[in-house]
Amino acid sequence: MAVNEGLASLSDHLYGGAMALYAAGMLGYAAEFAFSRFGRIGAEAQAAVGAAGSVAAKADKPAREPALVGATTTGAAADVPAPATTAAPAASPEPPAAGGPGIGGEDDEQPARALLIGRIAVVLTVLGWALHLSSVVTRGLAAGRVPWGNMYEFSSMICLIAITAFLVLLARFDVRWLGVFVTFPVLVYMGLAGTVLYVAAGPLVPALNSYWLKIHVVAAILASGIYLVSAVTTVLFLVKNRWEHQLAEVAAGRAEVTAAMRSRGGIVMKLPAAASLDTLTYRLIAFGFPIWTFAVIAGAIWAEAAWGRYWGWDPKETWSFITWVCYAAYLHARATAGWRGKKAAAVSLVAFSALFVDYYVVNLFLTGLHSYAGVSA
């Protein structure tokens, strides 16, 4: 089937338009940090952490983890360890430094200007998502096939799923604080796809011309997009966890407030509590893992149909399995060994690194049965 060059060109322009809107949305989310009360309290960090009794009271309270991830108090009990029972000292009102805002009900606490900017950023993200989806659809129509037949198209789809996951979360909870951290890696990913990985619309490589492409690759795309968001929340957890540890050290009199804490505290304090970010990461990975498992199984079935064997330890198969093992280890460690915090975050980042190798390193630098053209999926 001949490629419709007009639709192919339209797809490329829609892709660029989506990137522009995502970039504008990212700037809007960043500006909301700057204009909100959370963005202005960095200078208050020293006073906040100096109130040792208040910080201790904050640390000993169940810091709204269930609300932060949309769970009931009962449902979250298994995910978030119960705090030690200590008598809260009669102290001054709690400072906002240690816990960060919850997902719901924080809009009323921010200035009208910050709220307006944040909501405009959401609108821009939704419009960018619509252009991005239109780009994928027109690319498929132009080539007369499913639009995920090479690395450029696969990368575009992963970014679309990541933005979709963010918008789904946003529809249920107030997670605008996550917007800047999701749109930034998406823009980097899309920029790489649109330059280094870009190929013109065309027919499928014969080896990919199978109905399994619609099954196996779709599952891999969905899981990869969810894992991208989980990697973002993992990094945010590590940042917030370090901040909370520093506050505890200051409150205990073992450290002094640093200039870095005063200057960067406003941004970090905007984030939810570290325990909540840890739980959110867990739930994202738990949601994506069955999808990735299905993708591996579907790939093995496709391999049997194409090459007469289910598994041959091809580099792609090997690293897909390593990725599966890493994410399985993450879930197993949390369920059986009770790993949370930095230990779980380390496993999460190792797993995402394996996914990165599976996609980029294997496809671009290693030779195997899955190597069809330099940037094909």
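**Figure 1. Salt-bridge network of Arg139, Arg145 and Glu153.** In this predicted model, Arg139, Arg145 and Glu153 are linked in a network of salt bridges (a salt bridge is a side-chain nitrogen of Lys or Arg within 4 Å of a carboxyl oxygen of Asp or Glu). Between Arg145 and Glu153 the N to O distance is 2.8 Å. Arg145 has a relative accessible area of 14% and is therefore buried; Glu153, at 2%, is buried as well. Buried means under 20% relative accessible area, exposed over 50%, and partly exposed in between, with a 1.4 Å probe and protein chains only. By the salt-bridge rule the count comes to five.

**Figure 2. Salt bridge between Glu32 and Arg176.** The closest N and O atoms of Glu32 and Arg176 are 2.7 Å apart. This pair links distant parts of the chain, 144 residues apart: Glu32 lies in helix H1 (residues 5-35), and Arg176 lies in the loop between helix H7 (151-172) and helix H8 (179-195). Helices (H or I, at least four residues) and strands (E, at least two) are DSSP runs, numbered from the N terminus. Glu32 counts as buried because its relative accessibility is 3%, and Arg176 is buried with a relative accessible area of 7%.

**Figure 3. Salt bridge between Asp278 and Arg334.** The side chains of Asp278 and Arg334 meet at 3.1 Å, N to O. Asp278 belongs to helix H11 (residues 274-307) and Arg334 to helix H12 (residues 315-337), so the pair, 56 residues apart, links distant parts of the chain. Both residues, Asp278 and Arg334, are buried.

**Figure 4. Nonpolar surface patch of Leu133, Val137 and Leu141.** Together, Leu133, Val137 and Leu141 have about 250 Å² of accessible area. Patches are made of residues with over 30% relative accessible area and no salt bridge, with like charges joined within 9 Å and nonpolar side chains (Val, Leu, Ile, Met, Phe, Trp, Tyr) within 5 Å. Accessible areas come from the Shrake-Rupley method with a 1.4 Å probe; for residues, only the protein chains shown count as cover. Leu133 is found in helix H6 (residues 112-143) and counts as partly exposed because its relative accessibility is 33%.

**Figure 5. Context for the close-ups.** The protein chain has 13 helices and zero strands. Buried residues make up 49% of its 377 residues.

**Notes.** Residues are numbered from 1 along each chain as its sequence is written, and side-chain values use heavy atoms, with hydrogens and water left out. Local features need pLDDT of at least 70 and side-chain atom pairs count only at pLDDT 80 or more, whereas totals for chains, interfaces and linings use all residues.
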